[in-house]
Amino acid sequence: MKYADYIKKIEIDALWSGKKHIVWTLDAHVNILSGINGVGKSTILNKVFKSINTNGDLINHLLKGVHITAEPEDATHVRFDIIRSLDSPMLDADTMSLVDSRITSALDFELYHLQRKYLDYQVNIGNRIIAELQKGNANAAQQLSQAKTRFQDMVDELFDDTGKKMIRTENEIRFSQMGETLVPYQLSSGEKQMLVILLTVLVQNQLPHVLFMDEPEVSLHIEWQKRLIDLITELNPNVQVILTTHSPAVIMNGWADHVTEVSDITVEMRNEK
């Protein structure tokens, strides 16, 4: 199994009833798909990540007509994550009650799974730190702990206006606010959304990943929107971001050159005689 560093090109045949063809050459780091409502931004993203199965298999595409070229080209798999913006209610109340009675939305459910991944991440990092210390590599051990510390610092900075601070002595994510302990499900929608994004990136463990995001700015304060891409790429310098957005704020911190309009990657299909 050979993992891709990033996706180089996406091609979609006969999109929208066979009338159009998509050819999108991607940047290795940040790609922002823009366009008016109804032009097909989310459709393109959905087609791409539905063509990759849950194991990240690039060879056996599940969706016909989608062609993905990776770097290196002989890569067989890609590590990827998907973040959607809607904080929709959970439909299966029975499932919610079995998992955690505090879960009331799809965003809460995502936070529940990410907390489990966060615990696994900490165990993995802890074991690696111990191994480096046993070898006498104190500097390497310190570097391994930096990503988690930076994640905690980021969250504290973002939530500072409401007085929330991460409790760093806890293995699970908990916050203190005016002497009260809060769990992630008690955060606002915007806070949950940002926490989901940053947690998703942190537990990637700085490995090459493709992060698909469909309008991640929904529920986020404009200042958070401005910082979003910078925060993501700082936590994982090896991530490739592929996102759709309507918000000019998302590109304000120097990302305007990474914007692609849907019309720029759309090719009209020729009628065969």
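This is a predicted model: local features need pLDDT of at least 70, side-chain atom pairs count only at pLDDT 80 or more; totals for chains, interfaces and linings use all residues.

Visitor: How much space lies in the second largest pocket, and which residues are closest to its centre?

Guide: The space in the second largest pocket is about 210 Å³. Its lining has 13 residues, and Leu158, Asp161, His221, Glu223 and Trp224 are the closest to the centre.

Visitor: Why is the pair Lys8 and Glu73 called a salt bridge?

Guide: The closest N and O atoms of Lys8 and Glu73 are 3.0 Å apart. The cut-off is 4 Å between a side-chain nitrogen of Lys or Arg and a carboxyl oxygen of Asp or Glu, so the pair qualifies.

Visitor: Where in the chain do Lys8 and Glu73 lie?

Guide: Lys8 is in strand S1 (residues 6-14). Glu73 is in the loop between strand S4 (66-71) and strand S5 (80-84). They are 65 residues apart, and the pair links distant parts of the chain.

Visitor: Are Lys8 and Glu73 buried, partly exposed or exposed: which label goes to which?

Guide: Lys8 has a relative accessible area of 22%. Buried needs under 20% and exposed needs over 50%, so Lys8 is partly exposed. Glu73 stands at 62%, over the 50% limit, so Glu73 is exposed.

Visitor: What makes Glu191 and Lys164 a salt bridge?

Guide: Their N to O distance is 3.0 Å. That is within 4 Å, so the label applies. Both residues are buried.

Visitor: How many salt bridges does the structure hold, and which residues are linked in a network?

Guide: The structure holds 15 salt bridges. Arg150, Glu157, Arg227 and Glu234 are linked in a network of them.

Visitor: Why is Glu132 called buried?

Guide: Its relative accessible area is 18%, and the limit is under 20%, so Glu132 counts as buried. Glu132 lies in helix H4 (residues 106-134). Leaving aside neighbours within four places in sequence, Glu132 is in contact with Asn137, Ala140, Ala141 and Leu144.

Visitor: What label does Val23 get, and why?

Guide: Val23 has 28% relative accessibility, which falls between 20% and 50%, so Val23 is partly exposed. Val23 lies in strand S2 (residues 20-25). Beyond neighbours within four places in sequence, Val23 is in contact with Lys9, Ile10, Glu11 and Ile265.

Visitor: What makes the backbone at Met178 and Ser219 worth a remark?

Guide: Most residues other than glycine have a negative phi. Met178 has a positive phi of about 50 degrees. Ser219 has a positive phi of about 80 degrees.

Visitor: Where do Met178 and Ser219 lie, and how accessible are they?

Guide: Met178 is in the loop between strand S7 (175-177) and strand S8 (180-182). At 85%, over the 50% limit, Met178 is exposed. Ser219 is in the loop between strand S9 (209-214) and H7. At 42%, Ser219 is partly exposed.

Visitor: Which peptide bond is cis, and what is its omega?

Guide: The bond joining Glu71 and Pro72 is cis, with an omega of about -5 degrees. Most peptide bonds are trans. Pro72 is in the loop between S4 and S5.

Technical notes:
Residues are numbered from 1 along each chain as its sequence is written. Side-chain values use heavy atoms; hydrogens and water are left out. On a 1 Å grid over the protein atoms alone, a cavity is a set of points where a 1.4 Å probe fits but cannot get out, and a pocket is an open set with protein on both sides within 12 Å along at least five of seven lines; lining residues have an atom within 4 Å of a point. Grid points are joined across faces, edges and corners, and a volume is the space filled by probe spheres set on the points. Helices (H or I, at least four residues) and strands (E, at least two) are DSSP runs, numbered from the N terminus. Buried means under 20% relative accessible area, exposed over 50%, partly exposed in between (1.4 Å probe, protein chains only). Contact means heavy atoms within 4.5 Å.
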